[in-house]
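Please read them with the structure open.

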Amino acid sequence: MDWPTVLPVVWFFIIGFAVIMYVLLDGFVLGLGILLPFADDEDQRDHMMNTAAPIWDGNETWLVLGGAGLMATFPKAYAVVLSALYLPILVMLIALIFRGVAFEFRFKAHRSRWLWGLAFSVGSVLTALAQGLILGALVEGMPLTGGKYVQGAFGWFSPFAVMTAVAVVFGYALLGATWLILKTDGRLQRIAFDLTRPLMLAVIGFMLMVSAWLPFLDSQLMERWFTGAHMLWLSPVPILTVLNAILLWRAVLKNREVQPFVLALCFFALGFVGLVVGMWPNIVPPSMSIWEAASPPSSQGFVLVGAAFLIPAVLAYTVYSYRVFRGKVLAGEGYH
Amino acid sequence: MPTAEFLSRLQFAWVMSFHILFPAFTIGTAAWLAFIEGVWLFKRTDLWRDLYFFWLKIFAVAFGMGVVSGIVMSFQFGTNWAGFSIVAGNVVGPLLNYEVLTAFFLEATFLGVMLFGWKKVSDRMHFLATCMVSLGTLLSSFWIMSANSWMQTPAGYEIHDGVFYPADWWRVIFNPSFLVRLPHMVLAAFISTAMVVGGVSAVYLLKGRFVDRAGAMLKLALAFLAIVIPIQIVIGDMAGLKVREYQPAKLAAIEARWDTASSVPLALFAWPDEQAETNHYAVEVPHLGSLILTHSWNGEVKGLKDFPRDERPPVKIPFFSFRVMVGLGLLMLALALLGLWRWKRGSLVRDRWYLKAWVVMIPSGFIALLTGWWVAEVGRQPWVVQGLMRTSQAASDVPASSVLASLITFVVVYLGIFGAGIWYLFKLFRDGPLPAPQRERPVTPVHGNRRRTPARPLSAPDDPMGD
């Protein structure tokens, strides 16, 4: 094994790690925005946002790491995917702007407080939809002709992508609800408990639909799943998913506070593993492999040296900041 | 319909011009906050704590806007500049990736502790968080200026099949203009912030509000500017020498110099005419051009006619932007020196005309920063990587209609969002450095002893929380 073979594999997993960290961590913050309309009043909405206010910024940075990491280590994939998905990415960026500034502006505003709540909510829903469309388009496959995407400005639009978009909204909402169970008590926690089980049913439904649809896509994404003996050694993934669903259901029934959030995270992680296994070794299904898209070892190696030290450091101080802000967030606490 | 490339350039200019203001302001305010909190730790007087909380709120709003506009930047290289990403991604990508790993996480994570951790961590830990955020902003400028300087003065690369490959990372990062352009940018950020600090203080003094706090801030801003602006002028001069050495066409555009000549004059004003290759209404000072640009009375400066027409940058934008930047720099210096003199005479906080001059000058740092950036970026055209890759090769192969849609969206959204942000900043400035909440001492960290049982009455979250 030589460097040009090994390094792209390593970076495939690092980028995958950045993306799943983003999905898990910003996912529950976006979920808060999606669930904002279910709160009783503006003060409850403040309360919801306050549970994430100290940490949302760091969470979102994983997305930037995914983007910059892709540019550094798989520039061809970065260029093809981002320019092909121009419009959904535009929607995501604009939505993230509204979501992000709402955190600062809402607590500075008086008369227009509701307006920035709305911006937070709509921004979160649109971000989730856009990310779901991007995911759907990738999973469905982006056929390239001579290294170029020639499907036009709306090539990503398909029934499958629309379904994954809606699925992501429900998924993030589930993460958000279980986060609220963890971080609040009283009336708000009750609302979150009541939302969790229907959301969970919806997420399971979407997972089944995606799994059923996958074999019929042209992306060959799931070929690995259905050929030869692969099914056997990959079987822990679906089995664990089912087990996870049962545990989550019970945890909510028993009014547990920590377990639902952890199990919802596991839910996402398992789904993600399933996708990554299916995609491998393509970074742009169905045909651009990680080795074709990779930057040279001199680039990948250079960043890897830093990443090897810096990512653990980032994780360490992220854990520190979560510890500082651990425990229930009380109403009225948080923003000065 | 304009081409996708042209629309992408407009969009980049628009998005970047907004974006650059906020990181610049946060670089300055973060360092300013670290300074204030350091003094507070030492002196423990209310004045410094109040000032800290005041600037912290302003910092938070500016930081929020910097973050969201920065995310746009990190995706734009792929959406609009896919050609650039494919050809130069091997070199520029790792620099940007290091920015995320060393700077963005540090800033974003410790920002939370800084904004919300006052009652949850010790004084020293809180100060450390402030320092980490400030360090993050500086590291961020390190990497971004490295990447940008590489595009101005590329080094340490090889080209195979039209694609850049890194050959020597040390030379890529510390490319010929980097060590001059980095301090020029960071000092510009500090100066812009100091102009805001001093100008806001002047407003309070004019209204007779927060007189002690405003007086202290004005003196700090003054002293800082009086020391730093001269340094900035020296560094700016060094940056000019680098431009002369590596980007002579840019220098010729800055000076609107058409013919190569020795002992050139300095044009104070002119109307450059690119068609006729000449200047109208020129007001010139003999020999001064050579003296400033070459440090010799009769030095030679290259003219635009030495370059093929399709390798010349547009002239008007660099020419006028440069004059605005330098003019404002000199005005700021004059303001600072005048202030020192009034201070020595003991009339600093009472001279209404002087304080009014400060108020007028508040945005001058930002305007100088923006115009300086335009000089650097427009002056590099038509190249995206100086002399090696054209901007036209860098654009994505996307439909022009998509880019038009995004351009319109960005214009509308940025005007709305950043308009609102600036409104909230004004609101915070209007409120002023009010007494910050007292802190019960000693602080016991909440780790571990937070109760987890739902002992609170269910109605508690419905209690009014005040405004």
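**Notes on the predicted model**

1. In this predicted model, chain B and chain A bury about 7,300 Å² between them, and 74% of that area lies on carbon and sulfur atoms. Chain B puts 80 residues into the contact and chain A puts in 79 residues. Of the area that chain B buries against chain A, 10% comes from Phe75(B), Phe105(B) and Phe116(B), more than from any other three residues.

2. Helix 3 of chain B gives the most, with 26 residues.

3. Chain A carries a nonpolar surface patch made of Val91(A), Trp114(A), Leu115(A), Leu118(A), Val122(A) and Leu126(A), with about 520 Å² of accessible area together. Helix 6 (residues 113–140) of chain A gives the most to the patch, with five residues. Val122(A) is in this helix; it counts as partly exposed because its relative accessibility is 42%, between the limits of 20% and 50%.

4. Thr371(B) sits in helix 12 (residues 364–380) of chain B. Its relative accessibility is 6%, so Thr371(B) counts as buried; the limit is under 20%. The side chain of Thr371(B) reaches the backbone oxygen of Ala368(B) at 3.0 Å. Leaving aside neighbours within four places in sequence, Thr371(B) is in contact with Ser321(B), Val324(B) and Met325(B).

5. One joins Trp280(A) and Pro281(A), with omega about -5°; Pro281(A) is in the loop between helix 12 (259–279) and strand 3 (282–284) of chain A. The other runs from Gln381(B) to Pro382(B), with omega near 5°, and Pro382(B) is in the loop between helix 12 and strand 7 (383–385) of chain B.

6. Which residues have a positive phi although they are not glycines? Asn255(A) is one of them, with phi about 60°, in the loop between helix 11 (236–253) and helix 12 of chain A. Asn255(A) counts as partly exposed because its relative accessibility is 42%. Ala256(B) has phi about 50° and is found in the loop between helix 8 (248–255) and strand 3 (261–262) of chain B. At 3% relative accessibility, Ala256(B) counts as buried.

Terms used:
Residues numbered from 1 in each chain as written. Chains lettered and ligands numbered in written order. Predicted model: local features only at pLDDT ≥ 70, side-chain atom pairs only at ≥ 80, totals over all residues. Heavy atoms only, no water. Patch = residues over 30% accessible without salt bridge, like charges linked within 9 Å, V, L, I, M, F, W, Y side chains within 5 Å. Areas by Shrake-Rupley, 256 points an atom, 1.4 Å probe, with all protein chains shown as cover. Salt bridge = Lys/Arg side-chain N within 4 Å of Asp/Glu carboxyl O. Helix = DSSP H or I, 4+ residues; strand = E, 2+ residues; numbered from the N terminus. Buried < 20%, exposed > 50% of the residue type's maximum accessible area, 1.4 Å probe, protein only. Contact = heavy atoms within 4.5 Å. Buried area = accessible area lost by both parts, 1.4 Å probe. Polar contact = N/O pair within 3.5 Å; in protein donor to acceptor, adjacent residues only side chain to side chain.
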